[in-house]
Amino acid sequence: MSNTVEFARMNGLGNKILVVDMRGRKDVVTAAAAIALSADPATQFDQIMAIHDPKIEGTDAWIDILNCDGTKAQACGNGTRCVVQALAAETGKKAFTFQTVAGILNAREHEDGTISVDMGTPVFAWDKIPLAEEFADTSRIELQIGPIDNPVLHSPSAMSMGNPHAIFWVDKNPMAFDLDRFGPLLENHPMFPERANITLAQVLSPSSLRTRTWERGAGLTLACGSAACAAAVSAARTGRTGRKVTIEVASAPAPGKLTIEWLESNDHVVMTGPAEWEWSGTVDPVTGSFSRDPEQGAQAR
């Protein structure tokens, strides 16, 4: 077995993704490799999407997802779009079915290059999110940051999109908040026994939101697809918007939006947005040592 595999550096609205081709192998991308890749500015990432041979009939691949701290992630919508774009370019197919820890994901590339991912159904039960305390209504839970009589953030909507999310509603641009200071405190708050993705969401209209996310296991991220889904569902659930919204990701490096629809027919959440290929190379999935493809003029590292 070769020590190296092919991989691509990609992004989904700035969400930094490494797509690693582990098909035909029995091993996995190690936590040590993830940490090493994250430490290098050339390969620093939010999630690794490792493509493995399918485990069950009727699926195209098993996707193993790692955060930049080496921990496992259950879901990554932006990363799934990157996988679809990579496999569509390789195979010519447009529709894919993936298996992840969070369940089965169906995805499709459209003629305009955007990609839709069916993220499944949201989970609202407090013990399934999970939360450490029982709440009959998780659309508004008791949690705040700042002075008790004038909190900076408070009363988030909590839910799971295959991973735990807390959506804090704000009345100004999320970029105005010191999320890099509050994010770690909230991610690791005792309320969230499995930690949580922390999102600030501003309602722009009955059909649009602006978001910014501190991502569990990744930190301050330029974009997070499952968080955008959680914000859209929570906005509809609390009567702030309808069930179809556009999401303006405040921290994205370039203008771009996600369209999120919480379908009435089956309660599934469908996310549509772009993916972008940056460069490719080879990587050792055990150590994280890598090289960029020579035609791109980069030196082996």
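Domain bounds here come from an automatic or database domain assignment. The model is a predicted one, in which local features need pLDDT of at least 70 and side-chain atom pairs count only at pLDDT 80 or more, while totals for chains, interfaces and linings use all residues. Residues are numbered from 1 along each chain as its sequence is written, and side-chain values use heavy atoms, with hydrogens and water left out.

**View 1. The protein is divided into two parts, domain 1 (5-115 + 276-292) and domain 2 (126-267).** Between the C-alpha centres of domain 1 and domain 2 the distance is 24 Å. Domain 1 puts 16 residues into the contact and domain 2 puts in 21 residues, where contact means heavy atoms within 4.5 Å.

**View 2. Domain 1 and domain 2 bury about 1300 Å² between them.** Buried area is the accessible area (1.4 Å probe) that two parts lose on being put together, summed over both. Carbon and sulfur atoms give 47% of the area. On the side of domain 1, Leu13, Gln74 and Ala75 lose the most area to domain 2, together 40% of what that side buries.

**View 3. A salt bridge joins the side chains of Asp69 and Arg195 (3.8 Å, N to O).** The term stands for a side-chain nitrogen of Lys or Arg within 4 Å of a carboxyl oxygen of Asp or Glu. Between domain 1 and domain 2 the count is 1 salt bridge.

**View 4. Helix α2 (residues 77-91) gives the largest share of the side of domain 1 that touches domain 2, 3 residues.** Helices are DSSP runs (H or I, at least four residues), numbered from the N terminus.

Conventions: Helices (H or I, at least four residues) and strands (E, at least two) are DSSP runs, numbered from the N terminus.
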